[in-house]
Amino acid sequence: MREVHVRLITDEVERMCIHSNKHLSKDVVTCLEKMKDEETWPSAKDILELIIQNAETASNTHVPMCQDTGLVVVFLEVGQEVQFKGGYIEDAINEGVRRGYDKGQLRKSVVRDPLTRENTGDNTPCIIHHKIVKGDKVKLTVIPKGFGSENMSRIYMLKPSQGVQGVIESVLETVEIAGPNPCPPIVVGVGIGGTFEKAALLAKKALIRPLGSSNEDSYYAQLEETILNKVNDLGIGPQGFGGKTTALKVHIETAPTHIAGLPVAINIGCHAYRHMEVTI
Amino acid sequence: MKKIQTPLTKEILSTLEVGEKILLSGVIYTGRDAAHKRLIKSLEDNKNAPFQLEGQLIYYVGPTPTPEGAIIGSAGPTTSYRMDEFTPTLLDKGILGTVGKGKRSDYVIESIKNNGAVYFAAVGGTAALMAECVKKCEVIAYEDLGTEAIRRLEVEDMPLIVAVSSKGEDYYKLGRKNYLEMKSR
């Protein structure tokens, strides 16, 4: 067994919460710049330019690129040869979020109860998804998820006969209803298969991929391109004021499912596509 | 680019075209979900609002904490539709402008038109740039709401887009329509 002290986990979560909120990663900036160059609609080009400028300002002045610094979602992959020591892993992760949001002067947006809505004051608890994997490493992925885009996400329980056409229509309907609200250009995470909750988790997982990485299966890589083109043909554009650049990328993740079902979940990410990972 | 100064007047707002870019300066007030709920409740209870509503503008924002030595933290617009149910009441009471991002409901657009008001959009997510336009910031009500407290801001040259004009024209519909027409030609 390899021992990993949970203090390391706290430190990494703290660092990633702060860094990801203030520095847009290179994959996203490169994609935004490419889309700006390709955009032909003047007002859309202006808005993309402002978005890029904002990311530069945030990075140079060490302030968050968006005031919605999100509800933190953590994907935790633990090798089965790992033994945590020094405390409970979930407490360690939440401590990292607490410190990160305090030190980084990030907005605390979490309420303790969904109806009585008292702010917890430290942006915890975060959402943690665990997976036990082979080996002796720990992989941590942190996504501060803003709710302008999260609120626009949807799930569909399609009939198997609706097939790929049904998937495409579900994504287009979701993006159409979302319109300007999720701060386009968006990133569209699509989860296909599994069960009701698995599809939603796959859609979120699709949002932690480096921007523009393709699905390993060439059929789905092609489908990602097809849906991206159709989404951009909607003409919603940056901020919803018209233009080609409605989405930066579409990422699809899939899982086996039941003979009777075709769950499809669509999780939308905004242009402040924040995600960071580290392997310990 | 046209420069607009608060307090707003119906005369000035009537000159603004939908889709027009403007630079806003002067005093504005912040408020989002929880503050709106409380503000409307106090109006229903016939209590005074924490600030004089006539001719004022509400910016839907919940800023990040203010770093030491800074005036305000990051301060971009939040999605406006969540405030829709409260907006007509506030417009009827004298508010003339709102700033946020995203579409408004038809009944809000109707109320904007009836009151000769305007809905401005700021570019969602550009919170670091928006913060640079804020020259003064003071919490004036509902301090317990933290980021959602009502703040009085003094802003200079805040870049905004006329999203719904005083004539009730909606740039979220028009901008996209114009783009799609251009594309199909």
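The rule finds 3 salt bridges across the interface of chain B and chain A.

Before going on, a word on the model: it is predicted, local features need pLDDT of at least 70, side-chain atom pairs count only at pLDDT 80 or more, and totals for chains, interfaces and linings use all residues. Residues are numbered from 1 along each chain as its sequence is written, chains are lettered from A and ligands numbered from 1 in the order in which they are written, and side-chain values use heavy atoms, leaving out hydrogens and water.

Now step back to the whole interface. Chain B brings 41 residues to the contact and chain A brings 39 residues, where contact means heavy atoms within 4.5 Å. Together they bury about 3100 Å², and carbon and sulfur atoms give 58% of this; buried area is the accessible area (1.4 Å probe) that two parts lose on being put together, summed over both. On the chain B side, B:Leu129, B:Arg176 and B:Tyr179 supply 20% of the area buried against chain A, more than any other three residues.

Finally, look at chain B by itself. Buried residues, meaning those under 20% relative accessible area (1.4 Å probe, protein chains only), make up 59% of its 185 residues. Its C-alpha atoms fill a box of roughly 55 × 40 × 25 Å, taken along the principal axes.

Terms used
Salt bridge = Lys/Arg side-chain N within 4 Å of Asp/Glu carboxyl O. Buried < 20%, exposed > 50% of the residue type's maximum accessible area, 1.4 Å probe, protein only.
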